[in-house]
Amino acid sequence: MTSFSLWAPGKQTVEVLVDGRRLPLSEGEDMWWHLETDEVPADAPYAFSLDGGGPRPDPRGRRLEQGPHGPTTPYDPTAFAWTDQDWAGHGLEGSVIYELHIGTFTPEGTFDAAIGRFDHLVDLGITTVQVMPVASFPGIHNWGYDGVALFAVHEPYGGPAGFQRFVNAAHARGLAVALDVVYNHLGPDGNYLAEFGPYFTSAHQTPWGPAVNLDGPLSDEVRRYLLDNVTMWLRDFHVDALRLDAVHALADDRALPILEEMSRLVDELSAEVGRPLVLIAEDDRNDVRTTMPRGEGAVAGGLGIHGQWADDIHHALHVALTGETDGYYGDFASPGALPKVFEGAFFHDGVHSTFRRRSHGRPVDRATVPGSRFVASLQTHDQVGNRMAGDRLSQTVAPGRLAAGAALLLASPFTPMLFMGEEWAASTPWQFFTDHQDEVLVEAIRLGRAAEFASHGWGSQAVPDPQSAGTLDASRLRWEELADEPHARMLAWYRTLLALRRTRPDLADPCLALVRLDWDPDEQVAVLHRGEHRAVAVLGDGPHVVRLRGGVVLASWDEPEAADGLDDAVLLPGPGAAVIGPR
């Protein structure tokens, strides 16, 4: 018996197009339409027709072999032969995250090819692989944030079976898997969801158009759609964590927000499967309540999300390393920005934001909120890819300064995240690329990006064409350069810092109350105090005198020299960094 079900409120007829036939579904009382038949095989590709219209893929379909404009192929995720029964999982505290894009992580751009690089990540000291969105989108290559079929895994990457192999292999090597999911909008090409029901609402607007309908009429079923998607990734695909894209765009006026529902669901699933499951939010609001535990009854609490990206930390580090102060970087030129973010995660914690032209954020209680709830980075897909040329720090910053930034990040109390290739100062840019099939959309994107960057003073002719094969090719990592300098030296430095973070408790302690950062903007020297350890980052030319006070230099970018005439002191050449600890 083959079953079909579809939520389609307000439709007069719903038919399934399968095996060359049109079979009608019957409407139930819950606005779901159903059909059970023994007239078609269970594995036959199918599509739905609404009120006699054209074929549309199943909004909950697990496999789209021909992409989101084609029929749905049935896929049973429970048929996969998992071998990770002994996998105990990995919580957020103590994690080191590695963000990667399947399509450009390897020359092949597939899940199976990425598996072949797991040994590199394990040797580096990574605990969690964060995969950029894999929900199906039109074409072959895309960042993934234009996904339009949330339950289907992009077929060119390897489809649902390929992703299951990826997760299974990661667990075999001791790596947790986080998946980036986008619930705040769908892409513009192949987005048929609104034809099925009120999945979107004009009552709220987002940068991408009408918001997902989380609080309007018939929104219960829309919320269920998202919650079931969360369950699918964590239960059926054995994913360990979800990174929730731009949750500030999830417009939701209900007393029980969808994020709180998600956190409750994930905690229940975690208890069910017997291992940690984690939610990480990208949240532009700088609201610590996002990651505070949920309240019960009359007790005021937070949303219960386990972690959140802390862009303020990135911005302060970026300004210190590059000197760039345009746009939202302007506020972070303040001499107090770097110490403030390292000691309390947020720079905008209720203070005025010149970029937003208003006050922004909420303070973090350093005594009660652990730093591990904040995911910190030097580079991310956003902060690299949204630059005009997609240039990495390694293309604009000298190796010594980059090494200094890495020392501060990896000795911080936060959960560090690396962007693929960062660990060896990859020479490749990471640019904005698309493979849209709609020529009108393609031209609109070209013109829009050119106009955006022209407003920043760049000529439009210098903006890489997102649709060009050359833009994609330029963004693929070149693994062969790992053995060459300066890449090999940077890779060794990252490995050393991550090894110290694993073996020195001071460097992994998430307590913000124990953190102090001294920053001399004139000398360009930052000293991060972590218990009995210090990370000394010399961003200027140096040299800088460091008093050891009974400690030893555990790791140094350049060999320190004896400081003539000074006891218990060394000279650190600059730019560069050293980590100092007790004997």
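This is a predicted model: local features need pLDDT of at least 70, side-chain atom pairs count only at pLDDT 80 or more; totals for chains, interfaces and linings use all residues.
Trainee: How many residues line the largest pocket, and which lie nearest its centre?

Mentor: The lining has 48 residues, and those nearest the centre are Tyr-328, Asp-382, Gln-383, Asn-386 and Glu-452. Helix H8 (311-322), helix H10 (381-385) and helix H12 (439-454) are the elements that give two or more residues to that lining.

Trainee: Which helix gives the most?

Mentor: H12, with five residues.

Trainee: How does the lining divide into nonpolar, polar and charged?

Mentor: For the largest pocket, 19 residues are nonpolar, 15 are polar and 14 are charged.

Trainee: And the second largest pocket, what is its volume?

Mentor: The second largest pocket comes out at about 390 Å³. Its lining has 21 residues, with Ser-3, Tyr-46, Asp-58, Pro-74 and Tyr-75 nearest the centre. By class, twelve are nonpolar, six polar and three charged.

Trainee: Which strands supply at least two residues of that lining?

Mentor: S1 and strand S6 (46-50). The largest share, four residues, comes from S1.

Trainee: Where does S1 sit in its sheet?

Mentor: The sheet is open, with three strands in the order S1-S5-S4 and antiparallel pairing. S1 (2-7) is an edge strand, as is S4 (26-27), and each pairs on one side only.

Trainee: How many bridges join S1 and S5?

Mentor: Six, in the antiparallel sense, with S5 covering residues 32-37.

Trainee: Switching to S12 and S13. What do they form?

Mentor: S12 and S13 make a hairpin, with two residues between them. Strand S12 (residues 200-206) pairs with strand S13 (residues 209-212) in the antiparallel sense over four bridges. Thr-206 stands opposite Gly-209 in S13.

Trainee: What span should H6 have, and how far apart are its end C-alpha atoms?

Mentor: H6 covers residues 219-236, and at 1.5 Å a residue its 18 residues should span 26 Å. The end C-alpha atoms are 25 Å apart, which agrees.

Methods. Residues are numbered from 1 along each chain as its sequence is written. Side-chain values use heavy atoms; hydrogens and water are left out. The expected span of a helix is 1.5 Å times one less than its number of residues. Two strands pair if DSSP finds at least two bridges between them. On a 1 Å grid over the protein atoms alone, a cavity is a set of points where a 1.4 Å probe fits but cannot get out, and a pocket is an open set with protein on both sides within 12 Å along at least five of seven lines; lining residues have an atom within 4 Å of a point. Ala, Val, Leu, Ile, Met, Phe, Trp, Tyr, Cys and Pro count as nonpolar, Asp, Glu, Lys and Arg as charged, and the others, Gly among them, as polar. Grid points are joined across faces, edges and corners, and a volume is the space filled by probe spheres set on the points.
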